[in-house]
Amino acid sequence: MKATNNDGLYFLPFLKLVVFILIWFFISHIGKDQFRLYLASPEETISSVVFRIRNQELALDPVATLARTISAFLPAVFFGVTLGFLLGSNRLLLNTFEILIEFFRSIPATALLPIFILAFGISDVARVGVAFFISFWVMLINTIYGITHMTKARTKVARSMKASSLQIFKYVIVWEILPYIFSGLRLAISISLVIVVISEMVIGPKYGLGIRLLESQQTFKVGNLYAIMVVTGMMGFVLNKVILYFERDIIHWT
């Protein structure tokens with residue numbers, strides 16, 4: 001009986017996807033005249049994806065967007081976790097910089113784009129920089145929250161057993177804050193992708209999913225527009241699943 005229940009749970013997401021596609025199919029065909037300017041059918045979208053793959057039009061765009069996303073994500077993780085640990089471990093430092101943290105993390109990414117364009121021009125530095133800036137605060141806040149809300153009892157037990165500061169950090173603190181860090185990782189990778197795509201639409205590069213989205217919208221190629229949206233969504237889904245895989249493997253007790 002347990003195996004049957006598990007099989008049902010694994011099948012449920014695919015059932016939801018089928019239902020979603022069927023609803024999409026009926027709406028796109030029943031309201032074809034009303035929605036033809038901005039709603040492509042599933043078959044149009046799939047054929048557009050296949051066509052672009054065959055013509056190698058999707059070869060460089062996803063790679064370029066993925067490279068920019070990772071280039072923003074990795075430094076944001078490094079600096080966010082490092083500074084988050086320093087601030088979270090020192091109440092005086094945290095109180096000193098708390099107002100600045102709350103201010104800068106509240107700034108919308110779109111408001112930063114003009115500043116980054118002025119500072120770095122129409123380049124990948126500007127595109128990646130905006131995504132890094134936003135993702136950095138996600139990692140910083142999650143790390144600080146993890147340290148300030150971790151269970152103090154384990155640290156006290158380790159100290160009572162004459163553990164050194166390095167041992168406490170390595171075997172207690174790191175494992176205590178890992179769930180919060182992984183939550184930040186999943187948020188940061190999604191935000192990095194979103195901001196990169198938006199920046200590609202505003203600061204148009206030669207290659208990238210964002211610029212292809214904008215071109216499809218401007219030329220009313222609705223099938224291409226939905227095809228690129230599907231590819232972008234799948235990229236975000238895969239990146240999230242990769243992090244979730246490591247999360248379940250490393251902190252399996254959660």
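Helix α11 contributes most to the lining of the largest pocket, with 6 residues. The model is predicted, so local features need pLDDT of at least 70 and side-chain atom pairs pLDDT 80 or more, while totals for chains, interfaces and linings use all residues. Residues are numbered from 1 along each chain, and side-chain values use heavy atoms, without hydrogens or water.

The largest pocket has a volume of about 470 Å³. A pocket is an open set of points on a 1 Å grid where a 1.4 Å probe fits, with protein on both sides within 12 Å along at least five of seven lines; lining residues have an atom within 4 Å of a point. The volume is the space filled by probe spheres set on the points. The lining comprises 14 residues; Leu 17, Phe 20, Trp 24, Val 230 and Met 234 lie nearest the centre. Two or more residues each come from α1 (2–30), α3 (42–54) and α11 (222–250). By class, the lining has 12 nonpolar, 2 polar and no charged residues.

The chain holds 11 helices and 0 strands. Helices are DSSP runs (H or I, at least four residues), and strands are E runs of at least two. Buried residues make up 38% of the 254 residues, buried being under 20% relative accessible area with a 1.4 Å probe.

Helices α4 (residues 61–89) and α5 (residues 91–105) pack at about 120°, with axes 6 Å apart. Their contact (heavy atoms within 4.5 Å) involves residues including Leu 86 and Leu 87 of α4 and Phe 97 and Ile 101 of α5.

Definitions and conventions:
Axes fitted to C-alpha atoms, helices over the stretch in contact; angles between N-to-C directions. Nonpolar A, V, L, I, M, F, W, Y, C, P; charged D, E, K, R; others polar. Buried < 20%, exposed > 50% of the residue type's maximum accessible area, 1.4 Å probe, protein only.
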